[in-house]
Amino acid sequence: MPDNKVISREEWLKARLELLAAEKEFMRQRDALTRRRMAMPWERVEKPYQFDGPSGALSLADLFDGHSQLIVYHFMFAPDWEEGCTSCSFWADNFNGIPIHLNHRDVTLTAVSPAPLAKINAYKKRMGWSFPWVSSSGSDFNFDYHVSFMSEQIAEGKAYYNYGVRPITVSDEQGISVFCKNERGEAFHTYSCHGRGIDMVNGAYHFLDLVPKGRDEGSFKFTMEWLRRHDQY
C-alpha cells in the first residue's frame with residue numbers, strides 16, 4: 001500500500017489546487033497537440049487494398065461505411081495464431097458501445113487483423129464484442145502500415161516500426177491508423193500511432209492513473225505481465 005503523507009483538510013485542498021493548475025496546463029498543451037494532429041498533411045492511399053468482412057470482400061473505401069473519416073485499430077492477430085493478442089484484447093474491451101457515437105461525428109471505427117475472418121469471428125464471439133472487425137489476409141495493408149513483418153525481418157530481429165528501426169520478435173504489432181475520404185471517394189492516410197501512442201484510447205489505464213497505486217506495473221518483467229484476457233482471470 002502506498003505510504004502517502006496524511007495531512008489536514010486545508011493542506012490537502014492547497015495541494016489539490018496546485019495539482020489542478022498543473023492539470024489545466026496539461027489539458028491546454030493536449031488541446032494544442034490535438035490541433036497539430038488535426039492539421040497534419042495527408043498522404044494519398046494509392047493501393048487498392050481488399051479486406052474480408054461479414055458480407056464478403058471490402059475495399060478500403062467500403063470500410064468508411066458511409067462516413068468521411070475512418071479509424072483503424074491494428075489488432076495483433078497473426079494468421080497462425082489461435083487467439084488475439086492479450087494486450088490488444090485489453091484495448092478492445094474499451095471499444096464496445098463506442099462506434100455508434102463515433103458514427104454521429106462522421107467517423108467509422110473498425111479493427112483490422114491479418115488472421116482469417118473465421119478466426120476473427122470466433123474470437124470476437126468468445127470475447128463478447130460487437131465492434132466492426134475485418135481481415136486483411138492476403139493484402140499488403142498491414143505490411144504497408146508497418147504493423148506486420150516478414151519472416152526475414154523477424155529472423156533478423158529488427159524492422160521499421162513506430163517510425164524507427166527497432167527490435168522485432170513477433171510477426172504482428174499493434175497501432176492505430178486514421179484515414180479520410182473526399183467527395184470523389186479518394187482515400188488519404190492522415191495519422192498513425194503505435195506503442196504508448198495508443199494509450200489515449202484505453203479508458204481502463206486512465207482510470208488506473210487516478211488511483212494512488214497507478215498502473216502498479218513497476219515490479220513486473222514487462223509492463224503488462226499481469227494482464228489476462230477478460231475470460232482468463
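This is a predicted model: local features need pLDDT of at least 70, side-chain atom pairs count only at pLDDT 80 or more; totals for chains, interfaces and linings use all residues.

User: What makes S139 count as buried?

Analyst: The cut-off for buried is under 20% relative accessible area. S139 comes in at 12%, so it counts as buried.

User: How do you know which share of contacts joins residues at least 24 apart?

Analyst: Take the contacts between residues at least 6 apart in sequence: 61% of those join residues at least 24 apart.

User: Why is L109 called buried?

Analyst: Its relative accessibility is 9%. Buried means under 20%, so L109 qualifies. L109 lies in strand β5 (residues 107-113). Setting aside neighbours within four places in sequence, its contacts are I71, F95, P99, L102 and P132. As for M40, it is 69 residues from L109 in sequence and 20 Å from it in space, C-alpha to C-alpha.

User: What makes R44 and E186 a salt bridge?

Analyst: The rule asks for a side-chain nitrogen of Lys or Arg within 4 Å of a carboxyl oxygen of Asp or Glu. In this pair the closest N and O atoms are 3.1 Å apart. That is within 4 Å, so R44 and E186 form a salt bridge. The pair links distant parts of the chain: R44 is in strand β1 (residues 43-44), while E186 is in the loop between β9 (175-181) and β10 (187-193), 142 residues apart.

User: How many salt bridges does the structure hold?

Analyst: It holds 15. In general, side chains of opposite charge can pair when their charged atoms come close. One of the pairs is R126 with D231, at 2.8 Å from N to O. R126 lies in helix α5 (residues 117-127) and D231 in the segment after α8 (203-208), so the pair ties together parts that are 105 residues apart in sequence. R126, at 35% relative accessible area, is partly exposed, and so is D231 at 38%. These two also belong to a network of salt bridges that links E83, R126, R229 and D231.

User: What makes R215 and D199 a salt bridge?

Analyst: Their closest N and O atoms are 2.8 Å apart. The limit is 4 Å, so the pair passes. R215 sits in the segment after α8 and D199 in the loop between β10 and α8, 16 residues apart. R215 is buried, and D199 is too.

User: How far apart are the mean positions of the positive and negative charges?

Analyst: The mean positions of the 27 positive and 31 negative charges are 5 Å apart.

User: Which residues form the nonpolar patch on the surface, and what makes it a patch?

Analyst: I7, W12, L13 and L17 form it, with about 360 Å² of accessible area together. One of the members, L17, is found in helix α1 (residues 9-38).

User: Last one: what is phi in D106 and Y163?

Analyst: Phi of D106 is near 65°, a positive value in a residue other than glycine. D106 lies in the loop between α4 (99-103) and β5. With 31% relative accessible area, D106 is between the 20% and 50% cut-offs, so it counts as partly exposed. Y163 also has a positive phi, about 65°, although it is not a glycine. You'll find Y163 in the loop between β7 (158-161) and β8 (164-167).

Methods:
Residues are numbered from 1 along each chain as its sequence is written. Side-chain values use heavy atoms; hydrogens and water are left out. Patches are made of residues with over 30% relative accessible area and no salt bridge: like charges are joined within 9 Å, nonpolar side chains (Val, Leu, Ile, Met, Phe, Trp, Tyr) within 5 Å. Accessible areas come from the Shrake-Rupley method with a 1.4 Å probe; for residues, only the protein chains shown count as cover. Helices (H or I, at least four residues) and strands (E, at least two) are DSSP runs, numbered from the N terminus. Buried means under 20% relative accessible area, exposed over 50%, partly exposed in between (1.4 Å probe, protein chains only). Contact means heavy atoms within 4.5 Å. Lys and Arg count as positive and Asp and Glu as negative; His and the chain ends are not counted. The place of a charge is taken as NZ of Lys, CZ of Arg, CG of Asp or CD of Glu.
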